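The sequence and the model are shown first, and the description follows.

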Amino acid sequence: MTDSWQKAAEEFMAVAQRLWQRGLVAGSGGNLSMRITGSSHVMISPSGIANIDCKPETLLRVDLNGKVISGEGRPSKDSAFHLGIYRIRPDVQGVVHAHVPWSTALTLLGYKELPLFTPHAQAKLHKVQVVPYAPSESQELTAWVTEAFNSQKVVAALLEQHGMVAVGGTLQAACNIAELVEETAQIAVLVHLGNRGQVK
Ligand SMILES: [Zn+2]
């Protein structure tokens with residue numbers, strides 16, 4: 001195990017811990033990944049192991065096509081759209097995918113994008129679109145999520161009936177975006193309820 005792998009794993013585990021503490025990731029749902037600096041490889045959790053339980057030796061190193069370079073098991077569900085994003089966005093170093101309740105609820109209320117009610121969200125989130133439903137691990141889901149991130153301005157997307165994806169120049173930055181998206185979705189759902197269910 002190299003020093004750079006160990007360092008990257010420590011960042012991965014710190015972010016997994018934070019997301020878990022904030023209640024953004026429950027059980028083995030959702031997943032994180034990060035690009036290994038100076039390589040075309042990505043660190044990602046193996047399928048069936050919760051991010052919070054990952055150790056440096058259980059994390060997988062995969063190439064941008066999903067081939068496992070080192071580690072045991074297969075990459076976690078939905079890793080294909082993580083890799084799709086890394087392929088088209090060289091600026092992205094970390095991806096957070098979470099099955100968060102407020103963001104998911106908003107997608108079920110008929111919104112096509114996340115309403116950005118606060119100046120902070122407007123400044124940080126640009127435009128967060130809702131990607132239509134497609135089954136986990138399907139080619140459609142991979143294609144649509146990847147397509148949603150085709151501009152460098154895009155930092156997050158909501159997935160209908162599923163959750164959210166956030167990206168950043170580091171995994172920690174992606175985590176910050178994920179937290180802001182979920183907070184913004186919570187505000188939007190509460191405003192929606194205040195508007196007696198009318199989609200604005
Ligand atoms: Zn998922």
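Does Asp78 count as buried or exposed? Asp78 counts as buried, at 6% relative accessibility; buried means under 20% relative accessible area, exposed over 50%, and partly exposed in between, with a 1.4 Å probe and protein chains only.

## Basis of the description

The model is predicted: local features need pLDDT of at least 70, side-chain atom pairs count only at pLDDT 80 or more, and totals for chains, interfaces and linings use all residues. Residues are numbered from 1 along each chain as its sequence is written, and side-chain values use heavy atoms, with hydrogens and water left out.

Asp78 lies in the loop between strand 4 (68–70) and helix 2 (79–88), and His99 in the loop between strand 5 (94–98) and helix 3 (101–108), so the pair ties together parts that are 21 residues apart in sequence. Helices (H or I, at least four residues) and strands (E, at least two) are DSSP runs, numbered from the N terminus. His99 is partly exposed, with a relative accessible area of 40%.

## Helix 2 against helix 5

The axes of helix 2 and helix 5 (residues 139–148) come within 8 Å and cross at roughly 35°. Axes are lines fitted to C-alpha atoms, for helices over the stretch in contact, and angles run from 0 to 180 degrees between N-to-C directions. Helix 2 contributes Ala80, Phe81, Gly84, Ile85 and Ile88 to the contact, while helix 5 contributes Leu141, Thr142, Val145 and Thr146; contact means heavy atoms within 4.5 Å.

Glu147 also belongs to helix 5 and is exposed, with a relative accessible area of 51%. The C-alpha atoms of Glu147 and Ile88 are separated by 9.0 Å, although these residues are 59 residues apart along the chain.

Thr184 is found in helix 6 (residues 171–194). Its relative accessible area is 3%, and Thr184 is therefore buried. Leaving aside residues up to four places away in sequence, Thr184 touches Leu114, Pro115, Leu116, Ala121 and Leu125.
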